[in-house]
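Hi everyone, thanks for making time.

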Amino acid sequence: MDWTLIGMSMPLLAVGLLATLRICAAAIVLGIALGAVLGFGAMSRHAPVRFFVRAYVDFIRGTPLLIQIFLVYFALPVIGVNFNEYWAGVTALTLNAGGFICEIMRGGLQSIDAGQTEAAKSIGMRHRQIVLHVLFPQAWRRILPPLTNELISLVKGSAMLSAISVYELTHAGQEIIATYFSPFEIFLLIALYYYALISALAWLSRYLERRLPQY
Amino acid sequence: MPLSHPDAPAAVDPSVLLSVDRLHKKFGDKTILDAISLDIRRGETAVLIGPSGSGKTTFLRCLNFLEIPDGGTIHLGGERIGSNAGEPAVSEPTLARQRRRFGFVFQRFNLFAHLSAIDNVSCGPHRVLGLSRDAARQRAAAALEQVHLAAHADKRPSQLSGGQQQRVAIARALAMQPEVLLFDEPTSALDPELVREVLDVMRDLASARMTMLVVTHEMSFARQVAHRVVFMDGGNIVETGSPDQIFGAPREQRTRRFLQHLQA
């Protein structure tokens, strides 16, 4: 074990960790927003909207994240959409997480007792109001645990952004390895950094779960 | 007055508020409602009785389109309600507007689990009728007062007894100021000692001449409160009459058998 190298790498990797944190934070916020919008779409009264959401989710689930990252980074510029690496990374992770979170939202909304919807209909509430004001507030607590799993996947998936040279934790590590040829120490360190990040996320989720009211 | 043509709609009796004509409903191949016709007058309390599976609940649910009928018509105060399966559908906002003219009280209360009693009641006036938050709360407070629950306004449904929950549900329906109240076995899910507080509230409403259609197994309630008792069996209305007539001298064999079963 090369402790000098480890000591020297820790601050360098911390910069990478910070970059990962920035990318993931943005992708988590945007991914939840996209997932919520798609989740509403999956509950829509209009068949074409449901069909579109279905097709989108199928595509996201049916293709590897790495390929989706390449598609965003290499294919989108061809049709005139240009990103820097950071935004390409955020976009790819958001599009991916949005698809999975959509399913989580839909499942949560549909798990609420049908009597709640019927009661809301009986006082004349519109479909949109029912989803927003009756189903959604009750679904949150059931959505949170699977949502946490998905967000953990997102953080882990961000490691693949190193493939398009996004400067993040894994990529930062690879640069050190390329210079000093000591993969074991550096990958171990990277693993610990991811572990700390994901533990913090899991702790936050458990905290929220305790705070959310139970019905 | 000119004689009406035989095909013309029957002359509208102004005292009739809710008019159901040959309502038909199937689940798959099974006929649940077989051309049911019934007129309810303004201020009338009609009680629907009959064996389970006779179509009482489905009939009630068809009236405010929680189930879509397959045929027949429903008119409330002259307005045709909803559209049947296979007909061009009325728009969602139209149906929502029509639904709020009915109040519906469910067997299992169906209070919004995440809202306090008063928020359950003020939700409709605020979000549907567009009252300000304060005005909606005031109206909700008055409705809770009417069902003797003012003291429990801030409790969640899970903190209330079944009887209290059902009274909140009645208040929620009342706060929308509906023209008709539909009750679907409102006391069937309650412990016996909680039935009375709910029936008492319904009795008050009947005395206040609220128009009500009540599906229930509480025969003493039917006997004492109903202006009219409707006996259903096998998706048909077998017999309609005053409580005295239905319970004292039923005309139909099926009605007699059902009432004898209850006494046994």
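Predicted model: local features only at pLDDT ≥ 70, side-chain atom pairs only at ≥ 80, totals over all residues.

Let's begin with chain A. How many helices and strands does chain A have? There are eight helices and zero strands, so if you read from the N terminus on, the order is simply α-α-α-α-α-α-α-α. The C-alpha trace of chain A spans about 70 × 45 × 20 Å along its principal axes. Of the 215 residues in chain A, 47% are buried. Take the contacts in chain A between residues at least 6 apart in sequence: 78% of them join residues at least 24 apart. As for the surface, chain A exposes about 10800 Å², and 68% of that comes from carbon and sulfur atoms.

Now a word on chain B. Its mean pLDDT is 93, with 95% of the residues of chain B at 70 or more. The stretch to treat separately is residues 1–9 of chain B, where the pLDDT is below 50. Beyond near neighbours in sequence, that stretch has zero contacts in the model.

Next, the empty spaces. Rolling a probe the size of a water molecule over the atoms shows where space is left empty.

The largest pocket has a volume of about 540 Å³. Which elements each supply at least two residues of its lining? From chain A they are α4 (85–110), α5 (114–122) and α6 (127–157), and from chain B there is α2 (92–99). The lining has 28 residues, and those nearest the centre of the pocket are R45(A), T117(A), K121(A), H127(A) and R99(B). Sorted by class, the lining of this pocket holds 16 nonpolar, six polar and six charged residues.

There is also one cavity of 30 Å³ or more, and the largest cavity holds about 30 Å³ of space. S122(A) and I123(A) line this cavity, together with G103(B), F104(B), A169(B), R172(B) and A173(B). In chain B, β6 (102–105) and α5 (162–174) each give at least two residues to the cavity lining, and α5(B) has the largest share, with three. By class, the cavity lining divides into four nonpolar residues, two polar and one charged.

That's my tour; I'm happy to go back to any part of it.

Technical notes
Residues numbered from 1 in each chain as written. Chains lettered and ligands numbered in written order. Heavy atoms only, no water. 1 Å grid on protein atoms, 1.4 Å probe; cavity = no way out; pocket = protein on both sides within 12 Å on 5 of 7 lines; lining within 4 Å. Points joined across faces, edges and corners; volume = space filled by probe spheres on them. Helix = DSSP H or I, 4+ residues; strand = E, 2+ residues; numbered from the N terminus. Nonpolar A, V, L, I, M, F, W, Y, C, P; charged D, E, K, R; others polar. Buried < 20%, exposed > 50% of the residue type's maximum accessible area, 1.4 Å probe, protein only. Contact = heavy atoms within 4.5 Å. Areas by Shrake-Rupley, 256 points an atom, 1.4 Å probe, with all protein chains shown as cover. pLDDT = per-residue confidence, 0-100.
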